[in-house]
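This report examines how the parts of a protein model meet one another. Please consult the sequence and structure shown below while reading.

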Amino acid sequence: MKALQTIRSSRKLVTLVWILGLIILWECGAFYIEAVKRTPENVLPHLWQIIASVFSTKVISNGQTATQIVLTNAGATLLRAGYGFLIGMAGGFLLAILMKLSGIVEKVAFPYLMLIQMIPILGMAPIVLAITKDIGVSRIVIAAILTFYPVCTNTLAGLKSVEQEKLDLMYLCAANRYQVYWKTLIPTCIPFFFTGLKISAPMAITASILVDTLQGDGGLGCMLSQSLKHAMSIYVFWQIVFLSAFVGVASSWLMGLLERRFSPQKRLAARKGA
Amino acid sequence: MNGSQTAIKIDNVGMVYRADNQEVTALTGVSLDIEKGEFISLLGPSGCGKTTLLRIVADLLAPTSGQVLIDGSSPREARLQKKYGMVFQSPVLYEWRTVQKNIELPLELMKLSKEERAERARKMLELVGLTDFAHHYPQQLSGGMQQRVGIARALALRPEILLMDEPFSALDEFTREKLHEDLLRIWGKTNKTVLFVTHNIAEAVFLSDRVCVLSPHPGRLSAVVNIDLPRPRTMELRDTPEFTALVAKVRNSFEGV
Ligand SMILES: Nc1ncnc2c1ncn2[C@@H]1O[C@H](COP(=O)(O)OP(=O)(O)OP(=O)(O)O)[C@@H](O)[C@H]1O
Ligand SMILES: [Mg+2]
């Protein structure tokens, strides 16, 4: 018990050291850039400058401050990423179940899955936009496609990881197919499903931001490129960088939280730890 | 035979596996009649087809020749009538279910009421001596206790036939000997027909009414040795000359291994 506590607190310590290290590294870079560049904020501003820009009340464009711009555009992008993520999650899970249920579905679907995974997202996005003619829908579609693959393949791997003996046991008890899935296959695949979710949640957000850059209709990606082109304060760019990183990490963390709540195996681990 | 009934009739069973255009003959011409309530061991070295035979009896595999009859009907019918309980080499417990919920699993599949499930699980836990561990999780139990849960789960359906595939081979000697005695006690109380797979000669002799010796390449029944040791059997039996003689007899019955 004591050893466990030491490990836990030391893990916190490691995280702290990491963050401190990053801050120091960043600031060293910032001081250096400040010394050698004419517009250092375009390359690497000080962290306090970025923080100051968050609280700045200076109106930048359309009567909004930098923070207001970031937040309103973040809403548009992240909401679509969220929708896409949910759709991809449900679709990936269902397809995995269907592939497990039927060998034919698996044989037919698997090459398409691989194909989707191999096409670069930047190549796919303009096509989706051309078809849907709507940037919001495109964000959803792209986020869904990106979520789909990790969720589907991980869930399928989970469904296939069930020991033969458990299936034999179900068979000997004359369980029907529904019972085999509900009592054995699905509970076993839940941790795998969550692994897929943890991988794809940040990806869905990144994808959504990338889609924004295709069109000038707002969204985090759009503001990002405008800010980079000096159409508005560069600090919008820096705020977005940090916000995206934070939301990406938070999304993955949230999945971990949900896993502890909903995965039978993890729930058990939590109870034992308590 | 005076009124004894055949519980399992294995009639000239052969099994050929086909994989990658290769044929592996796992069993040829195995015939054996097992009476109701008998304790039978299938003994043999690795790869001689013990698991294969057990799976054929359990309707998990279809033989490529011959047939198996359970009470005169097919293994499939027997399975649908829940006549089988199976214990595997590993405990195969559901790690997210408590001991009690593990035992209740087959009963859930039968759609028994919650009360009846709990009642039956309670009886089974008592039978295997794990009453105090009902609400523990499998990971919190020792290997021997986990295997007891496996036995309790197999018995929960009240099967007529208990199939055990090397259930104790992963356990240490002390635990194994304790479980041998417990298994015999449980068997004495419940009157199941037991088909017990092992590669341990002393284990087979200690437990069984008859030891069926299988030889490999191809798997076949090379001898059936009657174990006429008195019951109830206890640990001390292992030190008697009669026991040692039977172990030697079984060992000598192996053909060219
Ligand atoms: N699914 C399979 N496909 C092909 N060959 C198989 C298959 N299962 C078993 N065999 C072969 O059949 C033979 C008998 O296997 P089986 O598992 O019944 O042996 P066993 O007596 O249970 O061995 P062990 O003591 O190691 O468990 C072996 O030669 C094995 O390689
Ligand atoms: Mg085997």
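How many residues of chain A are in contact with chain B, and how many of chain B with chain A?

## Interface of chains A and B

The model is predicted. In it, 22 residues of chain A contact 27 residues of chain B. The size of an interface is often expressed as the accessible area lost when the parts come together. For chain A and chain B, the buried area is about 2300 Å², and carbon and sulfur atoms contribute 65% of this area.

Three salt bridges are found across the interface of chain A and chain B. Polar contacts between chain A and chain B, with both residues at pLDDT 80 or more, amount to seven residue pairs.

On the side of chain A that touches chain B, at least two residues are supplied by each of α8 (164-172), α9 (177-212) and α12 (264-273) of chain A. The greatest contribution to this side is that of α8(A), with seven residues. By class, the side of chain A that touches chain B comprises 10 nonpolar, five polar and seven charged residues.

## Domains of chain B

Chain B is assigned two segments of interest: domain 1, covering 1-83 + 160-168 + 183-257, and domain 2, covering 92-158. The centres of domain 1 and domain 2 of chain B, taken over C-alpha atoms, are 26 Å apart.

Contact between these domains involves 11 residues of domain 1 of chain B and nine residues of domain 2 of chain B. The two domains of chain B bury about 870 Å² between them, with 74% of that area from carbon and sulfur atoms. Within domain 1 of chain B, the residues losing the most area to domain 2 are B:Lys82, B:Leu162 and B:Ile186, which together account for 48% of what that side buries.

## Composition of the domain interface

Between domain 1 and domain 2 of chain B, zero salt bridges are found, whereas two residue pairs are in polar contact, both residues being at pLDDT 80 or more.

Which elements of chain B give two or more residues to the side of domain 1 that touches domain 2? They are β6 (161-165) and α6 (173-190) of chain B. The largest share, four residues, comes from α6(B). This side of domain 1 of chain B contains five nonpolar, one polar and five charged residues.

Technical notes: Residues numbered from 1 in each chain as written. Chains lettered and ligands numbered in written order. Predicted model: local features only at pLDDT ≥ 70, side-chain atom pairs only at ≥ 80, totals over all residues. Heavy atoms only, no water. Contact = heavy atoms within 4.5 Å. Buried area = accessible area lost by both parts, 1.4 Å probe. Salt bridge = Lys/Arg side-chain N within 4 Å of Asp/Glu carboxyl O. Polar contact = N/O pair within 3.5 Å; in protein donor to acceptor, adjacent residues only side chain to side chain. Nonpolar A, V, L, I, M, F, W, Y, C, P; charged D, E, K, R; others polar. Domains from an automatic or database assignment.
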